[in-house]
Amino acid sequence: MKVFKQIVGVVHILIAAIVAIHTVIEPLYHTSTDANPYSSAWGIINPLTAIAIILGLIFGCCRMRRAGENASGPEFIAANTLFYGFVFAGILFFWNWFGISDVGKEFTAVSADVRSIVWIFFDALFPLLSGAIGVHLLRSSAGE
């Protein structure tokens with residue numbers, strides 16, 4: 001389990017870095033249009049992000065359960081913040097991702113501008129959560 005936690009921790013940190021870096025550099029190489037608002041790199045990054053969110057929910061829930069009611073205040077707050085942060089990020093991500101996919105083409109209640117704002121918010125939130133849980137997994141597996 002120690003090696004698996006370390007691998008998942010490194011994966012989380014790498015995906016956090018990829019999302020953060022690509023969010024910053026995308027405007028430098030991609031010109032958004034109505035027909036093509038996002039660069040093609042997101043087609044590779046989004047499935048990785050989905051996997052990271054699912055793993056973040058699993059490991060965040062495990063951390064929150066371990067913390068329980070007997071944990072110190074800071075550990076209890078950190079565990080709950082990570083788990084519920086991943087729940088919030090997961091809702092934003094999957095709602096937006098399904099909305100821009102072929103599955104969500106009939107859902108027209110929001111404009112492309114709203115989806116872009118949600119992506120910007122998600123792209124700022126996700127690297128923080130993913131990096132935090134990655135570092136936690138690396139530190140906690142080192143102590144085992």
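Q: What is the relative accessible area of C61 in this model?
A: The model is predicted, so local features need pLDDT of at least 70 and side-chain atom pairs count only at pLDDT 80 or more, while totals for chains, interfaces and linings use all residues. Residues are numbered from 1 along each chain as its sequence is written, and side-chain values use heavy atoms, with hydrogens and water left out. C61 is partly exposed (buried is under 20% relative accessible area, exposed over 50%, partly exposed in between, with a 1.4 Å probe and protein chains only). The value for C61 is 25%.

Q: How many disulfides does the model contain?
A: A disulfide is a covalent bond between the sulfur atoms of two cysteines. The criterion applied is a pair of cysteine sulfur atoms within 2.5 Å. The sulfur of C62 is too far from its closest cysteine sulfur, in C61, for a bond, because the two are 5.9 Å apart. The count of disulfides is therefore 0.

Q: Which residue meets R63 in a salt bridge?
A: A search of the whole structure finds 1 salt bridge (a side-chain nitrogen of Lys or Arg within 4 Å of a carboxyl oxygen of Asp or Glu). The N to O distance in the pair that includes R63 is 3.1 Å. The partner of R63 is E75.

Q: Which element gives the largest share of the nonpolar patch?
A: V10, L14, I18, I44 and L48 form this surface patch, with about 440 Å² of accessible area together (residues with over 30% relative accessible area and no salt bridge; like charges are joined within 9 Å, nonpolar side chains, namely Val, Leu, Ile, Met, Phe, Trp and Tyr, within 5 Å). The elements giving two or more residues are α1 (2–29) and α2 (42–67). L48 is in α2, and 35% is its relative accessible area. The largest share, 3 residues, comes from α1.

Q: At which residue does α1 bend by about 35 degrees?
A: The bend is the angle between axes fitted to the seven residues ending at a residue and the seven starting there. A proline, P27, follows the bend within four residues. The bend in α1 is at T23.

Technical notes
Areas by Shrake-Rupley, 256 points an atom, 1.4 Å probe, with all protein chains shown as cover.
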